[in-house]
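Please look through the model below from its overall layout down to single residues. The paragraphs after it follow that order.

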Amino acid sequence: MFRAACPETEEEMQQLMTREIAKTAPRLYEQDGAEDPTVYAHYFSCMNGWDWWLLEFDGTDEAFGLVEGYDDELGYFSIKEMEELNRQMGFAAVERDEHFSPKPLSAVRRR
């Protein structure tokens, strides 16, 4: 029963970076200095409770945003590394919130 819920092939795994997000998200440093930059995507892991809020994307792999894990900090993270982790695990260790819509960073920060 559990096996049926897991993706059978890599093609069935959730796409973490869609064309729309890649096209819409500002390139690295474009929101640098913004008082309340816009978040364009939300990623999360049910394995460790971490959240990644994408502010900027280099168009290929590297993203910049708020990472909420052991500490909350603005930093860089790799979309390709998240996808590779999902392939290695055989399930979505990191998922993209498919219902997320862009909003100011202040609206998503943990209180």
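What follows covers the fold, the paired strands, one loop and the surface.

The model is predicted, so local features need pLDDT of at least 70 and side-chain atom pairs count only at pLDDT 80 or more, while totals for chains, interfaces and linings use all residues. Numbering starts from 1 along each chain as its sequence is written, and side-chain values use heavy atoms, with hydrogens and water left out.

The protein contains three helices and seven strands; helices (H or I, at least four residues) and strands (E, at least two) are DSSP runs, numbered from the N terminus. Along the sequence these elements follow the pattern α-α-β-β-β-β-β-α-β-β. Of the 111 residues, 41% count as buried, where buried means under 20% relative accessible area, exposed over 50%, and partly exposed in between, with a 1.4 Å probe and protein chains only. A contact requires heavy atoms within 4.5 Å. Among contacts between residues at least 6 apart in sequence, 55% join residues at least 24 apart.

Six of its seven residues are buried, so E4 is largely enclosed by the rest of the structure. Two strands pair if DSSP finds at least two bridges between them. Strand E3 (residues 51-57) pairs with E4 in the antiparallel sense over six bridges, and E4 pairs with strand E5 (residues 72-78), also antiparallel, over seven bridges. The hairpin of E4 and E5 has three residues between its strands.

The next region is the loop between helix H2 (19-24) and strand E1 (38-39), where Gln31 is found. Is Gln31 buried or exposed? With a relative accessible area of 14%, Gln31 is buried. Not counting residues up to four places away in sequence, Gln31 touches Pro26, Pro37, Thr38, Tyr40, Leu55 and Glu56. Tyr29 also lies in the loop between H2 and E1, but Tyr29 counts as exposed because its relative accessibility is 56%. Phi of Tyr29 is near 75 degrees, a positive value in a residue other than glycine.

Met47, Leu85 and Met89 form a nonpolar surface patch with about 260 Å² of accessible area together. Patches are made of residues with over 30% relative accessible area and no salt bridge, like charges being joined within 9 Å and nonpolar side chains (Val, Leu, Ile, Met, Phe, Trp, Tyr) within 5 Å. Met47 sits in the loop between strand E2 (41-44) and E3 and is partly exposed, at 49% relative accessible area.

The structure holds one salt bridge, defined as a side-chain nitrogen of Lys or Arg within 4 Å of a carboxyl oxygen of Asp or Glu. Glu84 forms this bridge with Arg87, the closest N and O atoms being 3.0 Å apart. Glu84 and Arg87 are three residues apart in helix H3 (residues 79-89), so about one helical turn separates them. Glu84 is partly exposed at 33% relative accessibility, and Arg87 is partly exposed with a relative accessible area of 33%.

Notes
Accessible areas come from the Shrake-Rupley method with a 1.4 Å probe; for residues, only the protein chains shown count as cover.
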